[in-house]
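Please look over the model below before reading the points that follow.

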Amino acid sequence: MKPGRLSPRECLFLLCDIQARFAPVIQNFSSVSFIANQMVNVAKILDVDVVCTEQYPKAFGHTVPEIETSHLKVYEKTCFSMFGHPESQKAILNSGKKKAVLFGIEAHVCISQTALDLVENGFEVHILADGTSSQRQEDRMFAFERLRQSGVFITTSEAMIFELMGDATHPRFRDLSAIIKEANKAAPSNGAFVQNLRGVEGEENNKKGVN
């Protein structure tokens, strides 16, 4: 199995459909939007490409203002997968990167279909658990479980930032550390997901007789 290691020069970020109309119904929406903005800032610091989409904005509104996207090209789509829309697919392919860091909503719909399309097309996919959600926690939980079975890596924003940084001597260490500190102070924890996912794993291990 691939170790799933990443560096800034070989990956791109995919920001999926964090829009105004979803705010009242998505679990931990404020945390998801906060993490998304943090990752946009990380992308600026590390010179990582960001592809941003909006799902049918005529109905669901635009990306929430808490996420700074004024410098980004935002692709409107009706298909659920970011890779299914010709323009956003072209942007992903034209980046020349084959490793994608994916975050947004909803985990079991647009995120899942994007991730599966990318895997089928030879991409290595990493999803930020604390930057991804759904309306129902069980949909989010089982979407992540299915994606793991399909070879997708599930991680967190902090783990991803440290991996992309690589070394405490990185020239932008202070800037990146400030982002991590801000996130730890301001962003609510998505620990409930981790607990639930461990519960699923525990049930599967019990069935297999694994302690």
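**Notes on the model**

1. H71 is partly exposed, at a relative accessible area of 43% (buried is under 20%, exposed over 50%, partly exposed in between, with a 1.4 Å probe and protein chains only). The model is predicted: local features need pLDDT of at least 70, side-chain atom pairs count only at pLDDT 80 or more, and totals for chains, interfaces and linings use all residues. Numbering runs from 1 along each chain as its sequence is written, and side-chain values use heavy atoms, with hydrogens and water left out.

2. H71 sits in the loop between α2 (57-60) and β3 (74-77); helices (H or I, at least four residues) and strands (E, at least two) are DSSP runs numbered from the N terminus. Apart from neighbours within four places in sequence, H71 is in contact with V40 and K44 (heavy atoms within 4.5 Å). V50 lies 21 residues from H71 in sequence and 10.0 Å away in space, C-alpha to C-alpha.

3. Helix α6 (residues 157-165) and helix α7 (residues 173-186) have axes that come within 11 Å and cross at roughly 175°. Axes are lines fitted to C-alpha atoms, for helices over the stretch in contact, and angles run from 0 to 180 degrees between N-to-C directions. The pair is therefore roughly antiparallel (over 145 degrees).

4. On the α6 side, E158, I161, F162 and M165 meet F173, L176, I179, I180 and N184 of α7. By class, this contact has 7 nonpolar, 1 polar and 1 charged residues (nonpolar: Ala, Val, Leu, Ile, Met, Phe, Trp, Tyr, Cys and Pro; charged: Asp, Glu, Lys and Arg; polar: the others, Gly among them).

Conventions. Angles under 35 degrees count as roughly parallel, over 145 as roughly antiparallel, 65 to 115 as roughly perpendicular and the rest as oblique.
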